[in-house]
Amino acid sequence: MDQINNEKLSSDLGSGRGVYISTYGCQMNVNDTDRMYSLLEMANFSPVQTPEEASVIILNACSIREKPVHKVYSEVGTYRKLKERNPELRIGVGGCVGQQEKENLIKNQPMIDFVFGTDTIDSLPQIVADVYAKEKAKIVSTKVEHRSPYHVETLVRNPGVSTFVNIAKGCDNFCSFCVVPYTRGREKSRPLQHVLTDIRHLIKRGVKEVTLLGQNVNSYHSDCGADFADLLARVAKETDIERIRYTTSHPKDFNQKLVDIMYANQDKVCEYIHLPFQSGNSRILERMNRGYTREEYLEKIKMIKAAIPNVVLSTDIIVGFPGETEEEFADTVSLVKEVGFETIFAFKYSPRPFTKAAKFADQVDESVKGTRLNYLFDEHDKMAFELAKAYEGRILDVLVEKSEPTDSKVSGRSTQNKLVHFLGSESLIGKTVPVRITKAFPAVLRGELVQA
Ligand code: 5AD
Ligand code: SF4
């Protein structure tokens with residue numbers, strides 16, 4: 001496994017210097033922030049809780065839906081006073097926004113000292129060292145390594161009980177609405193042995209559950225010819241991890257082999273699948289370049305339910321994609337009901353730079369998007385509460401993650417990915433225990449520990 005070479009850096013660089021990272025965005029970004037902190041800790045920087053305590057402030061911003069560039073500029077603006085008071089303060093922008101905007105960031109906001117991208121995170125200690133070495137230097141480091149094998153070890157500061165392990169990055173699907181192929185580059189999978197080694201290390205640090213993470217985990221392909229289903233089976237068989245989850249799946253690549261392996265390893269692989277469908281209408285799906293029709297998506301759901309009868313499903317949806325009519329939107333609502341998703345993540349379509357759909361002439365009015373989104377959430381709420389109520393009286397296996405000593409409560413997730421609260425002591429953290437559900441609320445279940 002490649003070692004991250006920070007030895008060359010002066011160990012004095014970080015001594016006495018605090019680093020603060022402000023993160024907005026998806027799970028991938030949260031994961032990247034952890035990696036940035038870990039790398040800078042290796043160069044002796046100390047993570048701090050507030051920007052006021054920091055010598056280095058980094059904004060790690062996701063650009064998938066919003067206009068985060070404005071957010072970045074306005075946040076950097078709030079650091080003006082800090083920068084006046086502390087000439088040692090350096091401000092950097094990373095993540096997808098860094099990748100997307102490159103030197104424009106520094107041109108438009110001179111308070112920014114350095115910009116780095118999604119493929120240059122591992123050079124962060126060197127970038128920071130260079131920024132300090134050269135008075136007034138501005139650094140932009142956003143080179144994307146196409147197709148290079150993805151040889152990085154998982155770096156998580158405080159993994160806790162449940163953590164994410166990256167298995168692939170980037171995406172080759174080019175859905176017409178999505179900026180990811182441009183900000184995170186072509187898809188690269190990590191060697192299978194590296195994933196296994198990382199998980200074994202995490203287990204030694206107390207981790208009980210891993211979520212295998214990639215933009216499209218189903219197109220994982222390792223150096224040794226293994227596909228995602230093989231990887232899942234090997235993580236289950238060749239490590240002592242107690243629970244495995246994964247995200248995100250793409251319907252076009254979701255296959256029978258994967259559900260069979262999930263079923264065969266159900267003692268470890270959770271019966272929860274996040275399968276974004278984006279739109280319930282085949283014409284819109286084609287314009288989205290998703291590679292499946294409504295009927296094909298429903299076929300995949302049928303296959304999943306047949307193989308894993310107790311499966312719990314969630315999804316991502318975009319409303320108001322260019323050209324979407326009321327009837328086509330109604331197809332999205334009906335698909336939500338037909339499948340019975342317990343959770344939906346729905347968003348108004350947002351035109352993103354470089355993408356094909358941003359250039360479509362028939363953009364939908366913002367107010368129409370807003371009305372459709374609210375309607376979709378209202379319809380789903382009615383259904384979701386019923387689905388949640390069905391858990392009352394059931395006993396779920398809950399992996400305890402946190403305690404709140406003030407009211408003697410603990411919380412954790414069931415294999416179905418339900419958040420469950422119940423009375424219990426801190427000593428339960430890291431244990432999987434049976435909990436009888438006594439009351440369902442829209443976002444959380446309350447229960448009681450079933451005594452052995
Ligand atoms: N507009 C709105 N939602 C988007 N997503 C991705 N790109 C866009 C966009 N341009 C949503 C998709 C994806 C989720 C992570 O974000 O639903 O699955
Ligand atoms: Fe974006 Fe589509 Fe790739 Fe998902 S599969 S990251 S939506 S391009």
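**Exercise 1. Find how much area is buried between domain 2 and domain 3, and which residues of domain 2 give up the most.**

Step 1. In this predicted model, the area buried between domain 2 and domain 3 is about 1200 Å². Buried area is the accessible area (1.4 Å probe) that two parts lose on being put together, summed over both.

Step 2. Carbon and sulfur atoms give 50% of that area.

Step 3. On the domain 2 side, Arg243, Glu271 and Ala388 lose the most area to domain 3, together 36% of what that side buries.

Step 4. Contact means heavy atoms within 4.5 Å.

A note before going on: residues are numbered from 1 along each chain as its sequence is written, while chains are lettered from A and ligands numbered from 1 in the order in which they are written. Local features need pLDDT of at least 70, side-chain atom pairs count only at pLDDT 80 or more, totals for chains, interfaces and linings use all residues, and side-chain values use heavy atoms, with hydrogens and water left out.

**Exercise 2. Describe how helix H1 packs on helix H6.**

Step 1. Locate H1 at residues 27-42 and H6 at residues 124-133. Helices (H or I, at least four residues) and strands (E, at least two) are DSSP runs, numbered from the N terminus.

Step 2. The two helices pack at an angle of about 60°, with their axes 9 Å apart. Axes are lines fitted to C-alpha atoms, for helices over the stretch in contact, and angles run from 0 to 180 degrees between N-to-C directions.

Step 3. That angle makes H1 oblique to H6: under 35 degrees counts as roughly parallel, over 145 as roughly antiparallel, 65 to 115 as roughly perpendicular and the rest as oblique.

Step 4. Met36, Leu39 and Leu40 in H1 meet Leu124, Pro125 and Val128 in H6. By class, the contact of H1 with H6 has 6 nonpolar, no polar and no charged residues. Here Ala, Val, Leu, Ile, Met, Phe, Trp, Tyr, Cys and Pro count as nonpolar, Asp, Glu, Lys and Arg as charged, and the others, Gly among them, as polar.

**Exercise 3. Work out how H9 and H10 are arranged, and what makes their contact.**

Step 1. The axes of H9 (residues 228-238) and H10 come within 9 Å and cross at roughly 10°. H9 and H10 are therefore roughly parallel to each other.

Step 2. H9 brings Phe228, Ala229, Asp230, Leu232 and Ala233, and H10 brings Lys257, Leu258, Ile261 and Met262.

Step 3. Sorted by class, the contact of H9 with H10 has 7 nonpolar, no polar and 2 charged residues.
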